Amino acid sequence: MDCEPLRKRQKLQESLHEGRTEDAEKTQKAAPEASSELRRKRQTKSSRTLEDWLLKKPSVTQSCSHPEPEQNPQNRETADLIPAPPRTAAASDGEQSPLTSANEPRRAAPEPAANTATRRITHFFTTAPRGGRADAAAGADGKAFVPSISLSDLRRAPACSGPLPALKATDSHTVLIRTDLLQPGEASEPHPSPDQLQDCWDDTHVKLPCSKQNLFPADRTTLQSRWDLINKALSVPFSSSHDVKDAILTYNTGQAKGWNFTALHSFCKGLQASEVQQMFGELLPAMAQLALRAPRLLTQPIPLLRTRCCRSLTLSQEQVSCLLANAFFCTFPRRNSQRTEYSNYPDINFSRLFDGSSRAKQEKLKTLLWYFRRVTQKRPTGLITYTRQCLQRLPSWPSSEKQFSKLYISCEGCIEDQGYGMLQVDFANRFVGGGVTGSGLVQEEIRFLINPELIAARLFTEALEDNECLIVTGAEQFSRYSGYSDSFRWEGDGDDQTPRDEWQRRCTEIVAIDALHYRQFLEQFHPENMSRELNKAFCGFVRPGVQTENLSAVATGNWGCGAFGGDKRLKALLQMMAAAEAERDLVYFTFGDADLVKDVLHIHKLITDTHATVGSVFRLLLQYYECVCKKTTRSKPQETLYGFLSKHL
């Protein structure tokens, strides 16, 4: 391959800012160095007693954003991690974010409660930390680098969405509610379909706890219905966390020595007398009854979303809440060991969530119990669709003639807020949800906590292959939060006002795509690895059969960087290429990295000014590998990727 420059540009002799990639591996329980997007947002001080949490609608602080996830590949805890950016001057509380146009519509959010700093707090709650906004990215002359487009220039759902066909079941789409009772434009209560329970116990469907074939050894010679045991155990009144533990172990006797309920005990130990009554007299019994409604709500067998198969499931939010209540009480059979037919699926029972004594686990419990409080007090009426997308035909990247699409990039803002109505990227583990039911608590886990209906995907979604992604449409945000990892705090009700589509799903589309893990920096520039990441991102972004004008922009960030060793500048470029190939615009949040904003804007402008195609840029990436990476004797090449591209475009 010719290693000489194809065409030198006289104006661009200087190299761009040298990429900085964190290549330090993190151990499973090491505190992450990542900076959350929300650390760039002004947080009002918010403290409330647990009684406020149980009895009243909490005050709401500003929305919080996701840092990149951290993952230990050995224990599947989560995905990638970014380093904390340097502190920047905080913007005033009343200053409008440059991410949002003054006349740009957005979903409503409750105002922060007034005078929250003086509210009474107990030892269980701490004052929320006050974080500052990141300044706009600026160059050496101090002038801000401002994107040439605004967020209002980019497409969002539902405004850009085309009309949906009538919701109906097909061979590849299982619908667990009666579609004949749905009224277009009306939030009518979904009814399970069929009316009577259809039992199924095989390797292609979820093995439900209420199945007649879910048997439990009464003694050495006799089997009894495990569901009868569950029904009896969860119908007994609870007076303490030890009662909850005893109930769960009644039908999980084989786990008595292995399961630890320290986190649950610690959480409940901090309750005051009035809070104990709310927790054990109302909330937990309501959750138990929700779980026991499984035979009436989950009447149709739930197919597994298996590898190498495109398939969709549409359930009601109420059905999902029933699944999650059963997960809380650890009722799902065959899911407590990696030596079963579900060894290639994520955990679903919440047993690991109850283990340990960290404050983070208690905050996880608080966030999930808030969800259960909401759904037990008022039944949700919407629908959610889970889709496993598997692409058999992938682009020929060297020959692609696609032009790069629009780019909006900022060091402020977050995917779930400023990216509302867009395709929102979950920096996922191949086992979706990562460590949400364990000790993980960064980007992916946080998103699964504040949108708990995502957790249900762990029940039926097999580990993702290189040409697969998971798309979830309609998951509601129930909580707001601050911090990340050990500093994560539940901050109140989410009050999601996102509009619904014709299928009564929230117009929130979240795609889970998992990045590769690199132990050495140069590995990621190998053609095979770059192609894999392009294919994975393209799989998440493309929607076969959907017109370009009906595709919203993609909201993403530093996917696969941090502990996974991904280079931010390479990953940004690969995502730009995948978005262009999928004919979607890209919104990129750098989580406070102003230098990255400058560099990515610069290289995108250079690419678009020279009318470079996706194929021509990919061929330059191959040249960079051959001419620079393969010849370097260092852990990182002296010539940066963007510097190389600047000389050759």
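Visitor: Which residues in helix 11 meet which in helix 14?
Guide: From helix 11, P527, M530, S531 and L534. They meet F618, L621, L622 and Y625 in helix 14. Keep in mind that this is a predicted model.

Visitor: What kinds of residues make that contact: nonpolar, polar or charged?
Guide: Seven are nonpolar and one is polar. None is charged.

Visitor: And how do the two helices cross?
Guide: Two packed helices are described by the angle between their axes and the distance between the axes. Here the axes come within 10 Å and cross at roughly 150°. Helix 11 covers residues 527-541, and helix 14 covers residues 614-629.

Visitor: Is that crossing left-handed or right-handed?
Guide: The crossing of helix 11 and helix 14 is right-handed.

Visitor: Stepping back, how many helices and strands does the chain have?
Guide: The protein chain has 15 helices and 13 strands.

Visitor: How much of the chain is buried?
Guide: Buried residues are 61% of the 649 in the protein chain. The exposed surface comes to about 25300 Å². Carbon and sulfur atoms supply 48% of that surface.

Visitor: What share of the contacts link residues 24 or more positions apart?
Guide: The share is 80%, counting contacts with a separation of 6 or more.

Visitor: What about confidence? What's the average pLDDT?
Guide: The protein chain averages 83. A pLDDT of at least 70 is reached by 77% of the residues.

Visitor: Where does pLDDT stay under 50?
Guide: One such stretch is residues 1-49. The model has 191 contacts for it beyond four places in sequence. Residues 56-137 also have a pLDDT below 50.

Visitor: New topic. Where does L154 lie?
Guide: L154 is in the loop between helix 1 (50-55) and strand 1 (173-175).

Visitor: Why does L154 count as buried?
Guide: Because its relative accessibility is 6%, and buried means under 20%.

Visitor: What does L154 touch beyond its neighbours in sequence?
Guide: The contacts are I149, K406, Y408, M422, A553, D585 and V587, leaving aside neighbours within four places. Take V587: it sits 433 residues from L154 along the chain. The C-alpha atoms of L154 and V587 are separated by 8.7 Å.

Visitor: What else is in that loop? Where is P158?
Guide: P158 also lies in the loop between helix 1 and strand 1. The peptide bond from A157 to P158 is cis, with omega near 5°.

Visitor: And the bond from S193 to P194, cis or trans?
Guide: The S193 to P194 bond is cis, with omega near -5°. P194 is in the loop between strand 1 and strand 2 (215-217).

Visitor: Let's go to A612. Buried or exposed?
Guide: A612 is buried, at 8% relative accessible area. The residue lies in the loop between helix 13 (594-609) and helix 14.

Visitor: Which residues does A612 touch?
Guide: Q403, F404, I607, V617 and L649, not counting residues up to four places away. F404 is 208 residues from A612 in sequence. C-alpha to C-alpha, A612 and F404 are 7.7 Å apart.

Visitor: And T437, where is that?
Guide: T437 lies in the loop between strand 7 (423-428) and helix 9 (443-450). T437 is buried, with a relative accessible area of 2%.

Visitor: What is T437 in contact with?
Guide: Beyond four places in sequence, the partners are D347, I348, N349, F350, R352, L353, K364 and R458.

Visitor: Now backbone angles. What is the phi of R334?
Guide: Phi of R334 is near 65°, a positive value in a residue other than glycine. R334 is in the loop between helix 7 (317-328) and helix 8 (359-377). R334 is partly exposed, at 42% relative accessible area.

Visitor: And what is the phi of S485?
Guide: Phi of S485 is near 50°, again positive in a residue other than glycine. S485 lies in the loop between strand 9 (479-482) and strand 10 (489-493).

Visitor: Is S485 buried or exposed?
Guide: S485 is buried, with a relative accessible area of 10%.

Conventions: Residues are numbered from 1 along each chain as its sequence is written. This is a predicted model: local features need pLDDT of at least 70, side-chain atom pairs count only at pLDDT 80 or more; totals for chains, interfaces and linings use all residues. Side-chain values use heavy atoms; hydrogens and water are left out. Helices (H or I, at least four residues) and strands (E, at least two) are DSSP runs, numbered from the N terminus. Buried means under 20% relative accessible area, exposed over 50%, partly exposed in between (1.4 Å probe, protein chains only). Contact means heavy atoms within 4.5 Å. Accessible areas come from the Shrake-Rupley method with a 1.4 Å probe; for residues, only the protein chains shown count as cover. Axes are lines fitted to C-alpha atoms, for helices over the stretch in contact, and angles run from 0 to 180 degrees between N-to-C directions. A crossing is left-handed if the near helix is turned anticlockwise from the far one by less than a right angle, and right-handed if clockwise. Ala, Val, Leu, Ile, Met, Phe, Trp, Tyr, Cys and Pro count as nonpolar, Asp, Glu, Lys and Arg as charged, and the others, Gly among them, as polar. pLDDT is the predictor's confidence in each residue, from 0 to 100.
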